[in-house]
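Reader: Can you walk me through this model? I'd like to ask as we go.

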Amino acid sequence: MDMKGRSSLVVGNWKMNGSLALAENWAKEFAALWRQAAPAAEAGLCVPSVFLDRLVRSLRAEGLEAVEPGAEDVSVREGSGAFTGEVSASMLRDAGARLCIVGHSERRTLFGESNASVVLKVKALAAQGIRPIVCVGETREEREAGRTSEVILAQVRAVLGGCGIESLAGGAFAYEPLWAIGSGAAASLEQIEPVHAAIRAALCEADAGASEKVRVLYGGSVKPANAAAILALPHVDGALVGGASLKAESFYGICACGR
Ligand SMILES: O=C[C@H](O)COP(=O)(O)O
């Protein structure tokens, strides 16, 4: 199904970077740019949860309702309880999160995140009305072995089968080839498009109306210089942006390429 009529969603991911001061200054700088020319794209910014409240207040102070604040991870445990160090979806909601990244490859590879925990997290977020951004991606070795589609579709289907399309509604899958993340070189347009088309087909298989409910974003070295070409691809509904989201001007430049 063609998504061209739909606006792009461009989401920043600060990872373990930034500060309270940056959250405040970023909101000021981004708001000044947004006021000059509001892009067609929808924008979101996911930050370490300790900065979330400051980001929310700073965006509000600037009157920047157009940017959805978000978190980078959430506990599988709901509500509250004796789970030292965990932050639940209801706590994120309380702090103003509207989006949350789940299953980023850094969490999958460095912190043992599984498809099963991704499913629990998506359900916990859905219960709080927070839109999930579920990351999937293949390693360089998997791509070179010709296993890209198999790996991506196994991740997508595990999540779709485990939590159902309604828990993902309003959210997105983000295709992030591990070898492109933080490398400075994005995947080529020829590499991106077929993977997005395959994810879209898997969504439609699960639910005929899924394309209207769940976006498919690309992530991996997106910057202002390559964003226009990537965001113009028919099955790309937006971007998940790491490094370039730390600078308000670069992130705005990417948002401005959306539709
Ligand atoms: O979540 C964001 C991705 O991991 C991409 O990071 P990057 O834009 O720094 O390559």
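Reader: What kind of model is it, and how is it numbered?

Author: It is a predicted model; local features need pLDDT of at least 70, side-chain atom pairs count only at pLDDT 80 or more, and totals for chains, interfaces and linings use all residues. Residues are numbered from 1 along each chain as its sequence is written.

Reader: How many helices and strands does the chain have?

Author: The chain has 10 helices and 8 strands. Both are DSSP runs numbered from the N terminus: helices are H or I with at least four residues, strands are E with at least two.

Reader: In what order do the strands close into a barrel?

Author: The 8 strands close in the order 1-2-3-4-5-6-7-8, with parallel pairing. From one strand to the next, the twist averages 25 degrees. Axes here are lines fitted to C-alpha atoms, for helices over the stretch in contact, and angles run from 0 to 180 degrees between N-to-C directions.

Reader: What counts as pairing?

Author: Two strands pair if DSSP finds at least two bridges between them. Strands of a sheet pair through backbone hydrogen bonds, either parallel or antiparallel.

Reader: How many bridges join strand 1 and strand 2?

Author: They pair in the parallel sense over 5 bridges. V10 stands opposite A43 in strand 2.

Reader: And strand 3 with strand 4, how many bridges?

Author: Strand 3 and strand 4 pair over 2 bridges, again in the parallel sense. There, G70 stands opposite L99 in strand 4.

Reader: What about strand 5 and strand 6?

Author: Strand 5 (residues 131-136) is joined to strand 6 (residues 172-175) by 4 bridges, and the two run parallel. V136 has Y175 in strand 6 as its bridge partner.

Reader: Is strand 2 enclosed or open?

Author: Strand 2 is largely enclosed by the rest of the structure, because 5 of its 6 residues are buried. Buried means 20 or more other C-beta atoms within 10 Å of a residue's own; exposed means 12 or fewer, and partly exposed is in between, with C-beta atoms placed from the backbone.

Reader: Which way do the residues of strand 4 point?

Author: L99 and I101 point one way from strand 4 (residues 99-102), C100 and V102 the other way, and all are buried. In a regular strand the side chains alternate between the two faces of the sheet.

Reader: Let's switch to the helices. Where does helix 2 lie?

Author: Helix 2 (residues 49-61) lies across strand 2 (42-47) and strand 3 (67-71). Helix 2 runs at about 165 degrees to strand 3.

Reader: Now W34. Where is that residue, and what does W34 touch?

Author: W34 sits in helix 1. Leaving out residues up to four places away in sequence, W34 touches L64, A66 and Y252. Contact means C-beta atoms, placed from the backbone, within 7 Å. W34 is buried, with 20 other C-beta atoms within 10 Å. W34 and L64 are 30 residues apart along the chain, and their C-alpha atoms are separated by 8.3 Å.

Reader: Which residues are closest to the ligand?

Author: The closest are N13, I181, G219, G242 and G243, and 14 residues surround the ligand. Near means a C-beta atom, placed from the backbone, within 6 Å.

Reader: How does that shell divide by residue type?

Author: The shell around the ligand has 5 nonpolar, 8 polar and 1 charged. Nonpolar covers Ala, Val, Leu, Ile, Met, Phe, Trp, Tyr, Cys and Pro; charged covers Asp, Glu, Lys and Arg; the others, Gly among them, are polar.

Reader: What is phi at K15 and S221?

Author: K15 has a positive phi of about 55 degrees although it is not a glycine. S221, also a residue other than glycine, has a positive phi near 60 degrees. K15 is in the loop between strand 1 (9-13) and helix 1 (20-36), and S221 is in the loop between strand 7 (215-219) and helix 9 (224-231).

Conventions:
Contact = placed C-beta atoms within 7 Å.
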